[in-house]
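This report covers a helix pair and the nonpolar cores of one model.

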Amino acid sequence: MTITDVARHAGVSTAAVSKVLNNAYGVSPAMQQKVQASIAALGYRPHAAARGMRGRTYTIGVLLDNVRNAFFADILDGIRDELSSTDYTVLIGAAGFDPQDQARTIRSMVDRQMDGLILIAPGTPRPEVLATAASTPTVVIGHHDADSSHDSVVDADDVGAGLVVDHLVALGHRDIALVSAPGAKAGQWKRTPEIVLAAGYLEAMERHGLADRAQVHQAAYSDDGGFKAGLTLLTAERVPTAIMTGADVAALGIYRAAHELGLRIPGDLSLVGYNNTALAALAPVQLTSVDQAGHTMGSTAARMLIERVEGKRDRAIRTTMTPRLVVRASTTEAQGR
């Protein structure tokens with residue numbers, strides 16, 4: 001089925017069909033309706049490669065490292081909802097944690113002439129991301145390193161960490177540990193979410209006179225990473241009475257470690273996550289967590305990207321989400337307060 005077949009069926013010119021397909025200015029509602037009816041009747045689909053040869057493929061590539069992180073699902077929902085009324089299709093590259101695997105996935109997206117990229121906390125070396133963004137419209141979610149070549153959507157992670165420490169200190173906790181992703185120094189990102197989160201945590205602990213009790217334990221943001229971190233922290237010489245994690249998925253791993261060690265949450269250990277995913281609100285979990293508006297982050301990133309793709313803006317901007325603490329049953333007053 002070709003554009004010529006659609007034009008013949010609708011009784012219009014191929015130029016008119018082309019204008020409808022490209023949402024060109026000046027097409028009347030009647031023409032839109034007539035052509036769309038023929039497209040539906042004939043089952044016509046524009047050929048993506050042919051569209052790419054004309055300058056645009058109407059595809060957006062989204063890079064993420066771990067499909068098991070429920071927060072990424074919130075971001076993807078936001079991206080999808082923002083683009084649902086457009087002609088753009090989202091293609092996901094789940095590249096894993098390895099920086100080189102992520103870099104290969106980004107190159108593949110560029111090679112396939114995707115119109116723009118949304119990179120969620122990329123581990124890819126920053127110079128490569130900047131080189132890509134110089135030629136392909138790009139939005140980076142998570143990293144606080146701003147650059148004129150790409151747009152950014154970030155959370156005020158330092159503020160979020162402070163909210164958690166303030167909450168736990170108010171409950172009488174003094175030994176508060178942070179489980180944070182290790183990051184990749186080779187990536188040359190200086191202000192990743194985990195770096196900003198840790199800085200906010202340490203500043204808040206110092207503000208409460210608890211700098212000497214601060215513990216930052218590095219672990220992958222995964223159930224297994226949280227489980228291993230929990231086993232280490234909860235069998236140490238100085239066991240924390242509260243643990244904050246940089247991701248809900250890691251907090252669930254700590255839940256599992258506490259259960260294996262015979263510890264009760266929140267009776268023996270208060271636990272706080274980050275991202276406020278759907279998992280946090282489940283009745284058996286009821287995890288206190290920091291909400292950084294994942295859906296809004298995704299929709300904002302998609303909107304910013306399309307502005308750049310369609311030439312409506314040529315200057316990079318950064319949007320910052322304001323976190324809020326959602327208190328549930330996983331935190332309570334410290335024992336012996």
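## Cores and helix packing

Of the 24 residues in the largest nonpolar core, the members that touch the most others are Ile79, Ile118, Ile141 and Val153. Such a core is a set of buried Ala, Val, Leu, Ile, Met, Phe, Trp, Tyr and Cys residues joined through side-chain atoms within 4.5 Å, where buried means under 20% relative accessible area (1.4 Å probe, protein chains only).

| Element | Residues |
|---|---|
| Helix 5 | 70–83 |
| Helix 12 | 294–309 |

Helix 12 gives the most to this core, seven residues. Apart from this core lies another, of 23 residues, including Leu168 and Val272.

The model is predicted: local features need pLDDT of at least 70, side-chain atom pairs count only at pLDDT 80 or more, and totals for chains, interfaces and linings use all residues. Residues are numbered from 1 along each chain as its sequence is written, and side-chain values use heavy atoms, with hydrogens and water left out.

Isoleucine 118 has contacts (heavy atoms within 4.5 Å) that include Ile79, Ile141, Ala302 and Leu305, not counting residues up to four places away in sequence.

Helix 5 and helix 12 pack at about 45°, with axes 6 Å apart. The contact residues divide into seven nonpolar, five polar and five charged.

Note on methods
Axes fitted to C-alpha atoms, helices over the stretch in contact; angles between N-to-C directions. Helix = DSSP H or I, 4+ residues; strand = E, 2+ residues; numbered from the N terminus. Nonpolar A, V, L, I, M, F, W, Y, C, P; charged D, E, K, R; others polar. Buried < 20%, exposed > 50% of the residue type's maximum accessible area, 1.4 Å probe, protein only.
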